[in-house]
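Please look at the sequence and the three-dimensional model shown below.

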Protein chains: 2
Amino acid sequence: MEVRIILVEPKSEENVGAVARVVKNFGFSDLYLLNPPDIGIKALSVAAHAYDVLKSCKIVESLPVAIANSAIVVGTTAKLGASTNKHLRMPFFSPLELKDKVEGKRGILSILFGREDVGLLNDELKLCDLVVSIPTSHEYPVMNLSHAVAVILYDLSDVTSGTLELARVEDRERLYMQLKTFLDEIGYREHKKAKTLLMLRRILGRAELTTKELQTLQGVIGKAEWRIGVVDET
Amino acid sequence: MEVRIILVEPKSEENVGAVARVVKNFGFSDLYLLNPPDIGIKALSVAAHAYDVLKSCKIVESLPVAIANSAIVVGTTAKLGASTNKHLRMPFFSPLELKDKVEGKRGILSILFGREDVGLLNDELKLCDLVVSIPTSHEYPVMNLSHAVAVILYDLSDVTSGTLELARVEDRERLYMQLKTFLDEIGYREHKKAKTLLMLRRILGRAELTTKELQTLQGVIGKAEWRIGVVDET
């Protein structure tokens, strides 16, 4: 798969440079920065021979733009987050499990790394298909940003690409919107709606839908809508 | 095994701090510094919650002191070094192969990380039992010091300790001295001696000798010396 590293609001220029270096060390090149600090001489100095990765990084202003066209969106978090984010029903994977999961697939694998102090926000994690956590010591689980990138890219560096083309994040978002409408149409209980939609998002997110499967699911929902009389058959 | 991280003449105080943090992240604590720079506020700031690892690190002035009592001494090097150090007949291992090698063993596992610019010197590598190299991109194989420590400790973090007590580096050095004397005694060709001794050092180094095995080898040499009449039987 094509690996895209996305730093979400990194605070330290040096960390951005260090990440650029490790991206190149493991043979990758796609670096996206969401609202980064000014990238200057300090970042370049830390990036060393990876100045090309740093120079060609994409600076974006919103997460949807950062993850555009992705087949799989991965959030990263320190172990501590596990309990806090439980309500997101997020399956937790180790870096090696992530590797197994994407082995032989095709498409863009976006990996989000959060702020140095507070990591990724819950609303950002909601957009992720799965969450990866590096097994660290209970005594001090929070790794430095570039170290976390190093460990995850180390495990992904020899992953093989296949031919199984996965659905893109935009297509899945359309499916989720369709499901939301469908819940309205069938008169699903209002107070349960948000939770159920999040659950559906999680299940379909980790199912690694292909484009074909996604279209078939959309067809099933369309057919059901026709049956209950809210749309015309197409 | 007990993992001891040894930084050989690190130049940057920040790197020492970053290494302290990653040592604690993966549940280790033993950090040795050979001729480090002054460790001040910058290192402490980068070490963050691992100030205890930094405060309790041992500052030493020679490599033999740093590796004292070790069962296995590992050198680390970027891929580029492979050809340069070929004459050392060094077997190269990946971090995962190192883990497999030490799994279930007992004793101190010392891992040497060299200077930020030139790494470990050949004379330092000679003291190592084996060399570990992280598989990196040919385009930019040289990792930042603390990133290399992160990747290796990540792989070692769940290694299990066993009961097989390995011989210590000092005992092996005594065996090597005995072999050197033995080559003299049997009239081994002077110009071949250094190379053969290095080869014996490599073979016995990667054989992970137990104390018992080492004593038996010493007994064999003693017996041979007695047979050729250079020593009395004991």
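Predicted model: local features only at pLDDT ≥ 70, side-chain atom pairs only at ≥ 80, totals over all residues.

Residues are numbered from 1 along each chain as its sequence is written, and chains are lettered from A, and ligands numbered from 1, in the order in which they are written.

**Chain A as a whole**

The secondary structure of chain A consists of 11 helices and 9 strands, where helices (H or I, at least four residues) and strands (E, at least two) are DSSP runs numbered from the N terminus. With a radius of gyration of 19 Å, close to the 17 Å that the globule rule gives for 234 residues, chain A is as compact as a globular protein of that length; the radius is taken over C-alpha atoms, and the rule is 2.2 Å times the number of residues to the power 0.38. The C-alpha trace of chain A spans about 65 × 40 × 30 Å along its principal axes.

Of the 234 residues of chain A, 40% count as buried, a term that applies if 20 or more other C-beta atoms, placed from the backbone, lie within 10 Å of a residue's own. Among the contacts in chain A with a separation of 6 or more, 84% are between residues 24 or more positions apart; two residues are in contact if their C-beta atoms, placed from the backbone, lie within 7 Å.

**The sheet and its strands**

Chain A has an open sheet of 7 strands in the order β3-β2-β1-β7-β4-β8-β5, with parallel pairing. Its edge strands are β3 (58–60) and β5 (92–93) of chain A, each of which pairs on one side only. Two strands pair if DSSP finds at least two bridges between them. Strands of a sheet pair through backbone hydrogen bonds, either parallel or antiparallel.

| Strand pair | Sense | Bridges |
|---|---|---|
| β4(A) and β7(A) | parallel | 5 bridges |
| β4(B) and β7(B) | parallel | 5 bridges |
| β4(B) and β8(B) | parallel | 3 bridges |

In chain A, Ser70(A) has Ile108(A) in β7(A) as its bridge partner, and in chain B, Ser70(B) stands opposite Ile108(B) in β7(B). Val74(B) has its bridge partner in β8(B), namely Leu130(B). Strand β4 (residues 70–76) of chain B is largely enclosed by the rest of the structure, because 7 of its 7 residues are buried.

**Two domains in chain A**

Chain A is divided into domain 1 (2–165) and domain 2 (169–227), with bounds that come from an automatic or database domain assignment. The C-alpha centres of domain 1 and domain 2 of chain A lie 27 Å apart. Where they touch, 14 residues of domain 1 of chain A are in contact with 9 residues of domain 2 of chain A. On the domain 1 side, β4 and β9 (164–165) of chain A each supply at least two residues, and the largest share, 3 residues, comes from β4(A).

**A helix in chain B**

How far apart are the end C-alpha atoms of helix α9 (residues 169–185) of chain B? They are 24 Å apart, which agrees with the 24 Å that its 17 residues should span at 1.5 Å a residue, when that length is multiplied by one less than the number of residues. Just after α9(B), Gly187(B) takes a positive phi of about 70°.

**How the copies are related**

Note on methods. Buried ≥ 20, exposed ≤ 12 C-beta atoms within 10 Å, placed from the backbone.
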